[in-house]
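Good morning, and thank you for coming.

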Amino acid sequence: MYDIDELEDISKQIYDALPAAIQMLNRYGQLDSLLDLLGINKSATDYNKTIRKGKILVLGQLDTSVESICKIGEKYKISRKRFEIVSEYDDCANFDYKNLQYSQKYCMIMFGPQPHKGKNIGDNSSGIAAVEKFDFYPPSIRVGHLKITKSSFEAALRQCINEGYIEKG
């Protein structure tokens, strides 16, 4: 048994750790277990579905057009409004990765070729390395060995759909 001071300290630690834990449990499909343990009736299934219908960030130089990316998405019944595309060199170099931490906005980050430097990547060698290293970023995939063509993008998108990271709609 814990005394009142220990319980207060533990409660503070849980409160601080909870946002990251919820994000991780959601990503691995285990949030329902926590909600059941806490007696919260709202099903995480709706929450997971919402995340999987989030935005898809395409980050890196395109060897195809933005229009082609959107048409491929539409082929898989994914609205062009869900795509956020950052493809210009300077925009990629100045992209602030801190905005992706614990983000519920994006269901997937699709990486193409980009500069190694980026804002708020810590001591990591690139933004890609930072995202792949930490669980507090949305899921990610390297498109076509970091070359975004029509075929490599379609293959990566299909893989993300099949693995349940992206829901059509």
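I shall speak about a strand and its partners, and then about the nonpolar cores. Please keep in mind that this is a predicted model.

Let us begin with β1. Is this strand enclosed or open? Of its 5 residues, 4 are buried, so β1 is largely enclosed by the rest of the structure.

Strand β1 has partners in β3 and β2. With β3 it runs parallel, and 5 bridges join the two; here Val-58 stands opposite Met-110 of β3. Strand β2, residues 83-86, also pairs with β1 in the parallel sense, over 4 bridges. In that pairing, Leu-57 stands opposite Glu-84 of β2. To pass from β1 to β2, the chain goes through α4, and this β-α-β crossover is right-handed.

I turn now to the interior. In soluble globular proteins, nonpolar side chains tend to be buried together. In this model, the largest nonpolar core has 20 residues, and those touching the most other members are Ile-56, Ile-78, Met-110, Phe-153, Leu-157 and Ile-166. Which elements give two or more residues to this core? They are β1 (55-59), α4 (66-75), β3 (106-111) and α7 (150-162). The largest share, 5 residues, comes from α7.

Leaving aside residues up to four places away in sequence, Phe-153 touches Val-58, Ile-69, Ile-72, Phe-83, Met-110, Val-143 and Ile-148.

Thank you for your attention.

Methods. Residues numbered from 1 in each chain as written. Predicted model: local features only at pLDDT ≥ 70, side-chain atom pairs only at ≥ 80, totals over all residues. Heavy atoms only, no water. Core = buried A, V, L, I, M, F, W, Y, C linked by side-chain atoms within 4.5 Å. Buried < 20%, exposed > 50% of the residue type's maximum accessible area, 1.4 Å probe, protein only. Contact = heavy atoms within 4.5 Å. Pairing = 2+ DSSP bridges. Right-handed = clockwise from strand over helix to strand, strands pointing away.
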